[in-house]
Every structure is written in C-alpha cells, then in structure tokens.
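This briefing covers aromatic pairs, the nonpolar core, selected contacts and salt bridges. Please view the sequence and structure first.

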Amino acid sequence: MNSGLQCLSNTHELTKYFLFGMYKDDLNHDSPLGLGGNLAKAYHNLMNDMWIGKETRTAPYDLKRVLGKKLQ
C-alpha cells in the first residue's frame with residue numbers, strides 16, 4: 001500500500017487535483033456502488049498530511065479504514 005500511495009502522490013496533476021479541492025466537483029454521493037465520496041475525502045486528507053502537514057511522517061489509517069468498509 002505504501003509504494004502505491006507514494007507513486008500516486010508523486011503524480012503531480014493528480015496530487016494538485018486533490019490538494020486544491022478540485023475533486024469536490026466530481027464527487028458522486030448517490031452512487032450505490034461508491035463510497036459516498038469518503039474515499040476521495042480520505043485521499044485528500046492524506047495528501048494534505050503528506051505535502052502540507054507539519055509532521056515528517058504520516059500513516060494512511062483513515063484511507064485504509066474507508067477501503068476496508070468497501071471490501072467487506
């Protein structure tokens with residue numbers, strides 16, 4: 001999971017899309033197949049922690065929790 005997230009976070013256009021909140025216009029809260037935007041929000045929070053946060057380390061606990069709910 002770590003290496004995949006590192007690759008995604010270093011995809012500059014994708015990271016800017018989430019860091020600047022542009023993803024919010026594309027959320028589909030009503031899809032029965034989706035997670036109500038929770039995965040995108042968790043990814044946004046992780047990108048904020050990784051690129052803007054003051055801590056030198058972060059862990060994707062919230063993202064993993066949201067993914068786990070979908071996989072159940």
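Buried means under 20% relative accessible area, exposed means over 50%, and partly exposed lies in between. At 5% relative accessibility, Thr15 therefore counts as buried. The model is a predicted one. Its largest nonpolar core has 11 residues in all, and the structure holds 2 salt bridges.

**Thr15**

- Thr15 lies in helix α2.
- With neighbours within four places in sequence left aside, Thr15 is in contact with Leu8, Ser9, Asn10, Met47 and Trp51.

**Aromatic pairs**

- Ring centres must lie within 6.5 Å to pair, with planes under 30 degrees apart counted as stacked and over 60 as edge-to-face. By this rule the count comes to 3 aromatic pairs.
- Phe18 and Tyr23 form a stacked pair, at 5.1 Å centre to centre and with 20 degrees between the planes.
- Both Phe18 and Tyr23 are buried.
- Phe18 also pairs with Tyr43: the ring centres are 4.8 Å apart and the planes stand at 75 degrees, so this pair is edge-to-face.
- Tyr43 is buried, as is Phe18.
- Ring pairs join Tyr17, Phe18, Tyr23 and Tyr43 into a cluster.

- Tyr23 lies in the loop between α2 and α3.
- Its relative accessibility is 4%, so Tyr23 counts as buried.
- Beyond neighbours within four places in sequence, Tyr23 is in contact with Tyr17, Phe18, Ala40, Lys41 and His44.
- The C-alpha atoms of Tyr23 and Gly37 are separated by 9.5 Å, and the two residues are 14 apart along the chain.

**Nonpolar core**

- In soluble globular proteins, nonpolar side chains tend to be buried together.
- The largest nonpolar core here is made up of Leu5, Phe18, Leu19, Tyr23, Ala40, Ala42, Tyr43, Leu46, Met47, Leu63 and Val66.
- The elements that give two or more residues to this core are α2, α3 and α4 (61–71).
- Helix α3 supplies the largest share of this core, 5 residues.
- Ala42, one of the core residues, is in contact with Asp62, Leu63 and Val66 when neighbours within four places in sequence are left aside.

**Salt bridges**

- Glu13 forms a salt bridge with Lys16, in which the closest N and O atoms are 3.2 Å apart.
- Glu13 and Lys16 both lie in helix α2, 3 residues apart, or about one turn of the helix.
- Glu13 has 57% relative accessibility and so counts as exposed, while Lys16 is partly exposed, with a relative accessible area of 36%.
- Arg65 forms a salt bridge with Asp62, in which the closest N and O atoms are 2.2 Å apart.
- Arg65 and Asp62 are both in helix α4, 3 residues apart, or about one turn of the helix.
- Arg65 counts as partly exposed at 43% relative accessibility, and Asp62 counts as partly exposed at 32%.
- Asp62 is also among the contacts of Ala42.

Technical notes
Residues are numbered from 1 along each chain as its sequence is written. This is a predicted model: local features need pLDDT of at least 70, side-chain atom pairs count only at pLDDT 80 or more; totals for chains, interfaces and linings use all residues. Side-chain values use heavy atoms; hydrogens and water are left out. Rings of Phe, Tyr and Trp (its six-membered ring) pair if their centres lie within 6.5 Å; planes under 30 degrees apart count as stacked, over 60 as edge-to-face and the rest as tilted. Buried means under 20% relative accessible area, exposed over 50%, partly exposed in between (1.4 Å probe, protein chains only). Helices (H or I, at least four residues) and strands (E, at least two) are DSSP runs, numbered from the N terminus. Contact means heavy atoms within 4.5 Å. A nonpolar core is a set of buried Ala, Val, Leu, Ile, Met, Phe, Trp, Tyr and Cys residues joined through side-chain atoms within 4.5 Å. A salt bridge is a side-chain nitrogen of Lys or Arg within 4 Å of a carboxyl oxygen of Asp or Glu.
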